[in-house]
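Biologist: I have a structure open and want to learn how to read it. Can we go from the overall fold down to the surface?

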Amino acid sequence: MATGTDSKLVLIQRHIRAFADFPKDGVLFRDICPILKDPSALRAVTDLFEEHVRERHQHVDLIAGI
């Protein structure tokens, strides 16, 4: 599944915008709003989050969100 994970990460990274020195010098602000606008990128984030929880936190029965 590494290739699937890698392709999801690439898709997500393409949708993250970086703004140097915002809101002040030395800060790199990363805007994730473009992920929220793209259904495939948002699905990739959700899939990776679910995979992470299933692998590392087996006691979790349910993931809920708005």
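Biologist: How many helices and strands make up the secondary structure of the protein chain?

Modeller: This is a predicted model. Its protein chain has three helices and two strands. In sequence order the pattern is α-β-β-α-α. The chain is more spread out than a compact globule, because its radius of gyration is 15 Å, well over the 11 Å that the globule rule gives for 66 residues.

Biologist: What box do the C-alpha atoms fill along the principal axes?

Modeller: Roughly 40 × 25 × 20 Å.

Biologist: What share of the residues counts as buried?

Modeller: Buried means under 20% relative accessible area. Of the 66 residues in the protein chain, 20% count as buried. The chain exposes about 5,500 Å², and 60% of that comes from carbon and sulfur atoms.

Biologist: And contacts: what percentage join residues at least 24 apart?

Modeller: Start from contacts between residues at least 6 apart in sequence; 33% of these join residues at least 24 apart.

Biologist: Now the surface. Which residues form a nonpolar patch there?

Modeller: A patch takes residues with over 30% relative accessible area and no salt bridge, and nonpolar side chains are joined within 5 Å. Here the patch is Phe19, Phe22, Val27 and Phe29. Together they have about 330 Å² of accessible area.

Biologist: Take Phe29. Where does Phe29 lie?

Modeller: In strand β2, which covers residues 28-31.

Biologist: Why does Phe29 count as partly exposed?

Modeller: Because its relative accessibility is 34%. Partly exposed is the range between buried, under 20%, and exposed, over 50%.

How values were computed. Residues are numbered from 1 along each chain as its sequence is written. This is a predicted model: local features need pLDDT of at least 70, side-chain atom pairs count only at pLDDT 80 or more; totals for chains, interfaces and linings use all residues. Side-chain values use heavy atoms; hydrogens and water are left out. Patches are made of residues with over 30% relative accessible area and no salt bridge: like charges are joined within 9 Å, nonpolar side chains (Val, Leu, Ile, Met, Phe, Trp, Tyr) within 5 Å. Accessible areas come from the Shrake-Rupley method with a 1.4 Å probe; for residues, only the protein chains shown count as cover. A salt bridge is a side-chain nitrogen of Lys or Arg within 4 Å of a carboxyl oxygen of Asp or Glu. Helices (H or I, at least four residues) and strands (E, at least two) are DSSP runs, numbered from the N terminus. Buried means under 20% relative accessible area, exposed over 50%, partly exposed in between (1.4 Å probe, protein chains only). The radius of gyration is taken over C-alpha atoms; the globule rule is 2.2 Å times the number of residues to the power 0.38. Contact means heavy atoms within 4.5 Å.
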